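Me: Could you walk me through this model before I set anything up? I'd like to go element by element and ask as we go.

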Amino acid sequence: MPDHIAREIFKIPLIHIGCKDRIAWHYSANGKYSVKSGYRVALSLSAQTLNCPGQSGSPSPLWKWIWNLEVPPKVRVFMWKTAHGRLPVRAALHRRSTDTTPYCQRCGTTIETVEHTLRDCPWSQFFWRASPLRLDNLLHTTTASIADMLMVISKMNNNDGECLFAMLLWALWRARNVLIFQGKEMSHMQCFDIALRCLNDFQSNKLRGRKQPAMPQQMDWTPPPEGHFKINTDASVMKNEGTGLGAVLRDHAGNILHTRSEHLTVDYSVEIAEALACRKGLLLARDLHLDHIQLETDCMKVVQAHNSHQSDLSYFGTIINDIRSIGNSFSSFSVIFTRRTANTIAHNLAKFAFSNSCNGFYSGSLPPELDFLYFAEDFSSES
Ligand SMILES: [Zn+2]
């Protein structure tokens, strides 16, 4: 087996809790397929096939523009299909099967191409003239392809106008489908209304998401309530040298009950390494039969993934599932984000994993080399 493949296999983190094999999409962070990631892969494959070194997988400006539009994902997908001539207009369907008429449902006199239905049909011309956007110049350039027209729009330097344009184009296509498949004629005003409402809903939901209060961040290490235990974990990754995991377990009085410092020969990604450190810390608490556990990490991604209920098929997501399962075995369990300044001991334990004198496990104390850290996270008890 070639070395590089063996290394990749070796990099797969082993899971702790058993789970069934499943198929995951390698090219997205969460292991799930999306049109966006699929398109990127297709683009990079076609660039490789065409052997054009300058554009190895780098998306075109039009592609970037479409996927950066602040419009609902379904509208971005529609825009992408439009730009690539993938809309199932009658001219395209007729090419595949002569059973379908190639003529436009509205005017009945012209072959329905993407350009015709979205721009040149008299109904569409009227739609654009009545729309809140001023696109008169574009409407006259009927020889240009729709992709060329999108290129012009993409250079408007007017984010709101570009988003509105995408919504209107989508509403126009939607009205065409309602007419063909439901036999209902929508008015121009109804189309504008749907486009604007859909855009407003999307953008205000997005804004609400942004305005969510930031997670509280603490500067100093704080002890857990009495009867509870806190584990702080951290990881350190060095290219070609492996991964260091650090964990420290303390009680409500701040007493260090256990520390752990462990070196793994594989250099994992930072997120996976942080998740492995968390799992390592949890297993430590479970092996010691402790209960009421708070897990603290300075990796926001681990906290968000643990608290989110979205499934994640990636290696990272699998370790998060492990953390959830182990966490469920405690009467109470939480994963908390902390600043690095409140995670010094775990951080140093992770670094210490690379030193020769690290032998992996220190019960009830810090390794002698890290004695100086005893007071690194001196907390002020609340009075
Ligand atoms: Zn027409």
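Reply: What follows is a chat about the fold, its strands, its helix packing and a few loop residues.

Me: What kind of model is it, and how are residues numbered?

Reply: This is a predicted model, in which local features need pLDDT of at least 70 and side-chain atom pairs count only at pLDDT 80 or more, while totals for chains, interfaces and linings use all residues. Residues are numbered from 1 along each chain as its sequence is written.

Me: OK, how many helices and strands in the protein chain?

Reply: The protein chain has 15 helices and six strands, where helices (H or I, at least four residues) and strands (E, at least two) are DSSP runs numbered from the N terminus.

Me: And what share of the residues is buried?

Reply: Buried residues make up 30% of the 383 residues in the protein chain. A residue is called buried if 20 or more other C-beta atoms lie within 10 Å of its own, exposed if 12 or fewer, and partly exposed in between, with the C-beta atoms placed from the backbone.

Me: What about contacts between residues 24 or more positions apart, what percentage do they account for?

Reply: They account for 67% of the contacts in the protein chain with a separation of 6 or more, a contact being two residues whose C-beta atoms, placed from the backbone, lie within 7 Å.

Me: Let's do strands. Which residues of E4 are buried, and on which side?

Reply: Strand E4 covers residues 293–297, and five of its five residues are buried. Ile293, Leu295 and Thr297 lie on one side, with Gln294 and Glu296 on the other, so that both faces are covered.

Me: Which strands does E4 pair with?

Reply: Strand E1 (residues 229–238) pairs with E4 in the parallel sense over five bridges, and E4 also pairs with strand E5 (residues 333–337) in the parallel sense over five bridges; strands count as paired if DSSP finds at least two bridges between them. Glu296 of E4 stands opposite Asn232 and also opposite Ile336 in E5.

Me: What's in the turn between E1 and E2?

Reply: That hairpin has three residues between the strands, and Asn240 takes a positive phi near 65° there. Asn240 is exposed, with 5 other C-beta atoms within 10 Å.

Me: Switching to helices, at what angle do H12 and H14 pack?

Reply: Helix H12 (residues 270–287) and helix H14 (residues 315–328) pack at about 20°, with their axes 9 Å apart; axes are lines fitted to C-alpha atoms, for helices over the stretch in contact, and angles run from 0 to 180 degrees between N-to-C directions. H12 and H14 are therefore roughly parallel to each other, given that angles under 35 degrees count as roughly parallel, over 145 as roughly antiparallel, 65 to 115 as roughly perpendicular and the rest as oblique. Residues of H12 including Ala275, Leu276 and Leu282 meet residues of H14 including Phe316, Ile319 and Ile323.

Me: And what about H4 and H10, what angle there?

Reply: Helix H4 (residues 73–83) and H10 pack at an angle of about 80°, with axes 10 Å apart. That makes H4 roughly perpendicular to H10. Val75, Phe78, Met79 and Thr82 in H4 meet Ala166, Met167, Leu169, Trp170 and Trp173 in H10.

Me: Last one, where is Met186 found?

Reply: Met186 is in the loop between helix H10 (159–182) and helix H11 (188–210), and with 17 C-beta neighbours inside 10 Å Met186 counts as partly exposed. Leaving aside neighbours within four places in sequence, Met186 is in contact with Ala175, Val178 and Cys191.
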